[in-house]
Amino acid sequence: GHMTLGEELSRRRRLLNSITELKGCARLFANIIEDEISEKLIVNYSDESIEDMKNHKTYKFTKLIQNFSHQNKDLFKEDLHVYIDFCLKRRENFNLFSVGSSNIPNTFEKLLAFFKNNYFDKFVITLQYVMLSDNADSQDLLSNNKDGGKDVEIKLKIEESTISLGSTLITLDEITDKLQIKKKYSQLNHQNGIGLSKFQFFCLQDIEPIPIDFYFIEIYQPSIYPILKRSTGTESNLNSPLEIVLKKIFHDTKSAFVFQIDHSAEVYDILKLSSHLSFIRNPKGK
């Protein structure tokens, strides 16, 4: 039986994933917005690299994803699917960082739809969704503001193997189109904040399900890049709450990043950041 091209590609992708896995490093995906990319960047899909002619540097990725601004292709369907499946099968806690210089449209909604279409038969999935900031109150993005429109500040606790958020918790099957997730991207973009969703997957086959934690972190603010960089370093004197949260996530979970590569001025910072983040080691024995 000959393999179809699709099967062959997915076999290669699995192989690539297990090689990355053995190296124990974070996975790096680049979402290339083809029709809006800086002409100083040369994208090489065959060897998953981006050449920056301006600074004479080449950046390597686990996978380059070809996209067009009018298409806004679903990132999760193919490339991130393998990663998410991989972690869930092994019951490993994991994370995914979405990094751009401005809000990447529909990523969060697509993630929810992807979970709905793929995992509802095997898992109960819960969600908490907050905005964390070093210089403003953290906010619950799922609360319905019943108390007179004043945003409730959330309590955050770093526990031994998880981050516990004192915020609204819903199960994903409660999300209908009627329940619009209250998005505050305008705030995310004006303040130095990150969007943090904490998903927990409970496997229905288990008698006493132990949750698999998945953190989805949205960073659409160039002022957060240095914080992200510092949180991967070895300095122990972290004073910013965001750094502490990020460091904890890297320490406890397998990591992957998807970088938005377009014509924004920050694209060079994003590339530099990607090469720094490629050294993140996945936690041993996780």
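Which residue in E4 is the bridge partner of Ser49? The partner is Lys60. The views below come from a predicted model.

**View 1. Three strands, E2, E3 and E4, form an open sheet.** The order is E2-E3-E4, and the pairing is antiparallel. E2 and E4 stand at the edges. Each edge strand has a single partner, so one side of each is left without a neighbour in the sheet. From one strand to the next, the twist averages 20°. Helix H7, residues 267–277, packs on this sheet. H7 touches E2, E3 and E4. The direction of H7 makes about 60° with that of E4.

**View 2. Strands E2 and E3 form a hairpin.** E2 covers residues 41–44, and E3 covers residues 49–52. The two strands run antiparallel and are joined by 4 bridges. Asn44 stands opposite Ser49 of E3. Ile42 has Glu51 in E3 as its bridge partner. Between the two strands lie 4 residues. Glu48, in the turn, has a positive phi of about 55°.

**View 3. Strands E3 and E4 form a hairpin.** E4 covers residues 57–60. E3 and E4 pair over 4 bridges, in the antiparallel sense. Ile50 has Tyr59 in E4 as its bridge partner. Ser49 is paired with Lys60 of E4. Ser49 also stands opposite Asn44.

**View 4. Helices H2 and H3 cross at roughly 60°.** Two packed helices are described by the angle between their axes and the distance between the axes. H2 spans residues 76–89, and H3 spans residues 107–119. Their axes come within 12 Å. The angle of roughly 60° makes H2 oblique to H3. The crossing of the two helices is right-handed. On the H2 side, the contact is made by Phe76, Lys77, His81, Ile84, Asp85 and Leu88. On the H3 side, Thr107, Lys110, Leu111, Phe114, Phe115, Asn118 and Tyr119 take part. By class, the contact of H2 with H3 has 7 nonpolar, 3 polar and 3 charged residues.

**View 5. Leu242 lies in helix H6.** The helix runs over residues 241–252. Is Leu242 buried or exposed? Leu242 has a relative accessible area of 2%. The cut-off for buried is under 20%, so Leu242 counts as buried. Neighbours within four places in sequence are left aside in the contacts that follow. Leu242 is in contact with Leu132, Ser133 and Asp134, among others. Its contacts also include Asn192, Ile194, Ile224 and Ile227. Asn135 is 107 residues from Leu242 along the chain. The C-alpha atoms of Leu242 and Asn135 are separated by 9.9 Å.

**View 6. Asp137 lies in the loop between strands E7 and E8.** E7 covers 123–133, and E8 covers 139–140. Asp137 is partly exposed, with a relative accessible area of 42%. Which distance separates the C-alpha atoms of Asp137 and Gly193? They are separated by 9.7 Å. Along the chain, Asp137 and Gly193 are 56 residues apart.

How values were computed. Residues numbered from 1 in each chain as written. Predicted model: local features only at pLDDT ≥ 70, side-chain atom pairs only at ≥ 80, totals over all residues. Heavy atoms only, no water. Buried < 20%, exposed > 50% of the residue type's maximum accessible area, 1.4 Å probe, protein only. Contact = heavy atoms within 4.5 Å. Pairing = 2+ DSSP bridges. Axes fitted to C-alpha atoms, helices over the stretch in contact; angles between N-to-C directions. Parallel < 35°, antiparallel > 145°, perpendicular 65-115°, else oblique. Left-handed = near helix turned anticlockwise from the far one by under 90°. Nonpolar A, V, L, I, M, F, W, Y, C, P; charged D, E, K, R; others polar.
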